[in-house]
Amino acid sequence: MEVVSKIEVLKTNLSELRKTNQRIGFVATMGALHEGHLQLIDRAKEEDDVVVCSIFVNPKQFDNAKDFEHYPISRDQDIEKLIARNCDFAFFPSVAEIYPQAFEYKTYDFQDLEKHMEGSYRKGHFQGMANVVSRLLKIVKADKAYFGEKDFQQLMIVKRLVEIESISTEIVGHPIVREESGLAMSSRNQRLSTQGREKAVLLHKSLQWTKEHLQTHSLENIQKHVSKWFKEQGLDLEYFVFCEPKDLVPLRSTENVENIRCFVAAYIDEIRLIDNIEMY
Ligand code: AMP
């Protein structure tokens, strides 16, 4: 595996490979790699000839300075994990590489997709994410780029972003990878205490419970029940909402709705976790 930090070096390597019709797969991450990230690499290895994984903790997508400061960094272990999964390029650009002085920060109009959930609780997050993802996609020029459904709203926004920017990379969504307990894997889980990790299972449990009770309970009743449950367990619930995947606007009822996904965000010991599942 090649470890590259300069954009021009990566571009030169990839353009050579493209000359021999090698198909390029891309996975963008912020590092502290876990099985959730690595399964995206495996998927890309299956579907493409050459796989690039970028590791860049994007300062522009953190609305909370503390979260940015505490974001786990484990470069050496990440490199080992990528080698073990046969990744071809690990791309570790510096902030100055990604955001040179001449960088033009754009404001995108994602309409409803960025108005609710992460968009309303993490101000500026999706604009920061979109700017860096657009930059990375234009550097790598991959045939396919893989994004996890763990960040479902992000996945939908990236799909919109490539339309707005006329980027030809196909955006592929991948199911959420979970621990045995049901907890969605996340780099932030590393910061949980043993007790916090046990409590965090409630995110997935509440989503599963909801899926089982959606036919017999109103959305409002479910939300009330879940809020009470989180409170009793000492978790700080931020949102628990139902949306249609096509526009991600919170629903008040299930009437005439073809597809529903349920989304949750909560704090445990000041660590913010998110999860979601398809209801039907
Ligand atoms: P991050 O490093 O958190 O920015 O995540 C990089 C990519 O990995 C994003 O597309 C995430 O949605 C994806 N990802 C993170 N955790 C998981 C997971 N548990 N299952 C599936 N994909 C994930």
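I began with the strand order. An open sheet of six strands runs β1-β4-β3-β2-β5-β6, with parallel pairing. I looked up the edges next. They are β1 (2–4) and β6 (170–174), and each of them pairs on one side only. From one strand to the next, the twist averages 25°. I keep in mind that this is a predicted model.

**Strand β3.** Is strand β3 buried or exposed? I checked residues 50–55. Six of the six are buried, so β3 is largely enclosed by the rest of the structure. I then sorted the side chains by direction. Val-50, Val-52 and Ser-54 point one way, while Val-51, Cys-53 and Ile-55 point the other way. Side chains in a regular strand alternate between the two faces of the sheet. In β3, the residues pointing either way are all buried.

**Neighbours of β3.** I took strand β2 (residues 24–29) as one partner. β2 and β3 pair in the parallel sense, over six bridges. I noted one example: Gly-25 has Val-51 in β3 as its bridge partner. I followed the chain from β2 to β3. It passes through helix α2 (residues 35–47), and this β-α-β crossover is right-handed.

Strand β4 (residues 89–91) is another partner. It runs parallel to β3, joined by three bridges. I looked for facing residues. Val-52 stands opposite Phe-89 in β4. Ser-54 stands opposite Phe-91, also in β4.

**A surface patch.** Which residues make the nonpolar surface patch of about 240 Å²? They are Met-1, Val-3 and Ile-83. I placed Ile-83 in helix α4 (residues 75–84). Ile-83 has 46% relative accessibility, so it counts as partly exposed.

**Salt bridges.** I counted these next, with a nitrogen-to-oxygen cut-off of 4 Å. The count comes to 25 salt bridges. I followed three of them along the chain.

*Glu-270 and Lys-66.* Their side chains meet in a salt bridge at 3.2 Å, N to O. Glu-270 lies in the loop between β8 (261–268) and β9 (271–278), and Lys-66 lies in helix α3 (residues 65–69), so the pair ties together parts that are 204 residues apart in sequence. I checked both ends for exposure. Glu-270 is exposed, with a relative accessible area of 60%. Lys-66 counts as partly exposed, at 47% relative accessibility.

*Arg-191 and Asp-67.* The closest N and O atoms of this salt bridge are 3.9 Å apart. Why does the pair tie together parts 124 residues apart in sequence? Because Arg-191 lies in the loop between β6 and α9 (194–213), and Asp-67 lies in helix α3. Arg-191 is partly exposed, with a relative accessible area of 30%. Asp-67 is buried, with a relative accessible area of 14%.

*Asp-275 and Arg-178.* I found their side chains meeting in a salt bridge at 2.9 Å, N to O. This pair links distant parts of the chain, 97 residues apart: Asp-275 is in strand β9 and Arg-178 is in the loop between β6 and α9. Asp-275 counts as buried, at 4% relative accessibility. Arg-178 is partly exposed, with a relative accessible area of 23%.

**A network.** Last, I traced where Asp-67 and Arg-191 lead. A network of salt bridges links Asp-63, Asp-67, Arg-122, Arg-188 and Arg-191.

Methods
Residues numbered from 1 in each chain as written. Predicted model: local features only at pLDDT ≥ 70, side-chain atom pairs only at ≥ 80, totals over all residues. Heavy atoms only, no water. Buried < 20%, exposed > 50% of the residue type's maximum accessible area, 1.4 Å probe, protein only. Helix = DSSP H or I, 4+ residues; strand = E, 2+ residues; numbered from the N terminus. Pairing = 2+ DSSP bridges. Right-handed = clockwise from strand over helix to strand, strands pointing away. Patch = residues over 30% accessible without salt bridge, like charges linked within 9 Å, V, L, I, M, F, W, Y side chains within 5 Å. Areas by Shrake-Rupley, 256 points an atom, 1.4 Å probe, with all protein chains shown as cover. Axes fitted to C-alpha atoms, helices over the stretch in contact; angles between N-to-C directions.
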